[in-house]
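Q: I have a protein model open and would like to go through it slowly. Could you start with a term that I will need?

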Amino acid sequence: MVKGVNFVGLRDVVIRSSSRSSIATAAPTNWSFLDITATPEDSATMTSVVADVADVLEIPFTVGGGVRSVEDAIRIIESGADRVSLNSAALADPSLISAVARRYGSQAVVVAIDAGDGVVHTHGGRVVRSTKTIPWAIERPRAAPARSC
């Protein structure tokens with residue numbers, strides 16, 4: 001885990017074994033884990049961490065960051081997450097939203113939007129796009145071409 005402000009000045013935060021059990025007993029009804037460096041660093045989501053969290057967490061959790069394909073979503077959900085969160089990849093290819101939803105159901109895909117100054121930001125908030133926030137938030141995803149996974 002990392003801690004930062006406005007996605008900058010990130011520093012590692014160590015989760016000790018005793019802390020892991022406190023995650024499982026915390027009051028929220030849902031957790032979200034977002035690897036905001038995965039896309040800018042072109043790395044994959046750490047599924048070993050997802051599996052470790054799934055072992056101790058008894059509530060639904062969402063994982064995002066570095067999810068660029070249906071195959072990435074499959075790896076994350078099969079590692080124990082309940083949902084995947086799409087951001088940069090959803091903007092680049094909106095059909096990915098429908099493709100993941102077809103595979104796991106619409107409840108299993110979340111589109112996260114980093115916004116500022118009325119426009120969408122991608123790559124962990126580092127890249128400013130010309131896409132307007134509100135129209136993107138209400139856009140219906142285009143159908144993805146049928147394919148087997």
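A: Two strands pair if DSSP finds at least two bridges between them. With that in hand, Ser85 stands opposite Val110 in β6, and please keep in mind throughout that this is a predicted model.

Q: OK, and how many helices and strands are there in the protein?

A: There are six helices and nine strands, in a protein of 149 residues, of which 36% count as buried.

Q: What is the order of the strands in the open sheet?

A: Four strands make up this open sheet, and their order is β3-β4-β5-β6, with parallel pairing. The strands at the edges are β3 and β6, the latter covering residues 109-111, and each of these two pairs on one side only. From one strand to the next, the twist averages 25°.

Q: Let's zoom in on β5, then: how many bridges does β5 have with β6?

A: Strand β5, which runs over residues 83-86, pairs with β6 in the parallel sense over three bridges. Besides Ser85 opposite Val110, you can find Val84 standing opposite Val109 in β6. Helix α5, residues 95-104, packs on the sheet and touches both β5 and β6, with its direction at about 160° to that of β6.

Q: And what about the pairing of β4 and β5?

A: That pairing is also parallel, over three bridges, and the bridge partner of Val63 in β5 is Val84. To get from β4 to β5 the chain passes through helix α3, residues 70-78, and this β-α-β crossover is right-handed.

Q: Are the residues of β5 buried or exposed?

A: They are buried on both faces, with Arg83 and Ser85 on one side and Val84 and Leu86 on the other.

Q: Which residues is Asn87 in contact with, leaving aside its neighbours within four places in sequence?

A: Those contacts are Ala112, Ile113, Asp114, His121 and Thr122. There is also His123, which lies 36 residues from Asn87 along the chain, while the C-alpha atoms of the two are 8.1 Å apart.

Q: Changing topic, how many aromatic pairs does a search of the whole structure find?

A: The search finds one aromatic pair. The ring centres of Phe33 and Phe61 are 5.7 Å apart and the ring planes stand at 90°, so this pair is edge-to-face. It joins distant parts of the chain, with Phe33 in strand β3 (residues 31-34) and Phe61 in strand β4 (residues 61-64), 28 residues apart.

Q: Are those two Phe residues buried or exposed?

A: Phe33 and Phe61 are both buried.

Q: One last thing, what share of the contacts with a separation of 6 or more comes from residues 24 or more positions apart?

A: Such residues account for 57% of those contacts in the protein.

Notes
Residues numbered from 1 in each chain as written. Predicted model: local features only at pLDDT ≥ 70, side-chain atom pairs only at ≥ 80, totals over all residues. Heavy atoms only, no water. Phe/Tyr/Trp six-rings, centres within 6.5 Å; stacked < 30°, edge-to-face > 60°. Buried < 20%, exposed > 50% of the residue type's maximum accessible area, 1.4 Å probe, protein only. Axes fitted to C-alpha atoms, helices over the stretch in contact; angles between N-to-C directions. Contact = heavy atoms within 4.5 Å. Right-handed = clockwise from strand over helix to strand, strands pointing away.
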